[in-house]
Amino acid sequence: MQRNGPRGPAGDRHWRGSARLAVSCALLFCGMALLVDWDAGSLTALRGLLWVAVSAAVGAVLLPPRVSAGPGWLAVRTPWRRHVVHTDALTAVRQYDGVSSHLVLRDIHGHRLELDPRTLTANPLLWHELDTGVHRSLERGTLRHGTDVLERLGHRIDDETMQAVLRVSGLS
C-alpha cells in the first residue's frame, strides 16, 4: 500500500532506548530503597509511598527530552513542557559549552528552545530538517546570529557520518 501525503515528523531514533534506561534506573532505585528499608525493619506504607514518589522523581529527572522535527519546525518535549521553534524563521542560534554543551535556538515569534547538539549528530533526519529550515531563514534574512555555529556543527556531523561509513565499509 502506498502512502499519500507528507511524511511524518523526524524523531530521535535513540530516545526509546534512553527512556527505557531512565525507567529501569528509577525502578531499580525504588526496588533497592524498598528492600533496604524492609531489611532494616522500618518499611511502612507511608515510607513505601515516599520511596515510590522519590523514584518517580528520579525517573522524571533521568528521562531525556524527546526531540522531533518536521518541515519548518523543531520541537523538544520534556516531562513538563513542549518547546517549539520555527526553523524557517530563526533569528539566533548560540552554542554554550561547559559541563553540558547545548544549542539555544530563537525564532521571530519569541520562542526559545534548548537542545543537546549530540542529538542532531546522532540523528541525520533531525539535522536535515533543521538545516533545511536554517537555509530558509537565511533566504528570508531573519537569521542574524549563529550561522558560524551551525556551519561548525554541520562540518562535525558530516565528518562523523563519513567516519561511520568508512568504519562500516571496512576502509577505516
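This is a predicted model: local features need pLDDT of at least 70, side-chain atom pairs count only at pLDDT 80 or more; totals for chains, interfaces and linings use all residues.
Before you click, residues are numbered from 1 along each chain as its sequence is written, and side-chain values use heavy atoms, with hydrogens and water left out. Local features need pLDDT of at least 70, side-chain atom pairs count only at pLDDT 80 or more, and totals for chains, interfaces and linings use all residues.

**Stop one: helix 1**

Select residues 15-39. That's helix 1, with 25 residues and a reach of 36 Å from its first C-alpha to its last, close to the 36 Å expected at 1.5 Å a residue. (The expected span is 1.5 Å times one less than the number of residues; helices are DSSP runs of H or I, at least four residues, and strands are runs of E, at least two, numbered from the N terminus.)

Now colour Trp 15, Ala 19, Ala 22, Ala 26, Cys 30, Ala 33 and Asp 37: these are the buried residues of helix 1. Buried means under 20% relative accessible area, exposed over 50%, and partly exposed in between, with a 1.4 Å probe and protein chains only. They pack against helix 2 (45-62) and strand 2 (66-70). After the helix, look at Gly 41, which has a positive phi near 80 degrees.

**Stop two: helix 1 on helix 2**

Among the residues making the contact are Phe 29 and Leu 34 of helix 1, and Trp 51 and Val 58 of helix 2; contact means heavy atoms within 4.5 Å. The contact residues divide into 12 nonpolar, 3 polar and 2 charged. (Ala, Val, Leu, Ile, Met, Phe, Trp, Tyr, Cys and Pro count as nonpolar, Asp, Glu, Lys and Arg as charged, and the others, Gly among them, as polar.)

**Stop three: helix 4 on helix 5**

Jump to helix 4 and helix 5, where the axes come within 12 Å and cross at roughly 150 degrees. This pair is therefore roughly antiparallel too. Show Trp 127, Leu 130, Val 134 and Leu 138 in helix 4; they meet Thr 147, Leu 150, Leu 153, Gly 154 and Ile 157 in helix 5.

**Last stop: His 145**

Pick His 145, in the loop between helix 4 (124-140) and helix 5 (147-169). This His 145 is partly exposed, at 44% relative accessible area. Leaving aside residues up to four places away in sequence, His 145 touches Thr 91, Ala 92, Val 93 and Arg 94. Check the C-alpha distance from His 145 to Ala 92: 4.6 Å, though they are 53 residues apart along the chain.

Key:
Axes are lines fitted to C-alpha atoms, for helices over the stretch in contact, and angles run from 0 to 180 degrees between N-to-C directions. Angles under 35 degrees count as roughly parallel, over 145 as roughly antiparallel, 65 to 115 as roughly perpendicular and the rest as oblique.
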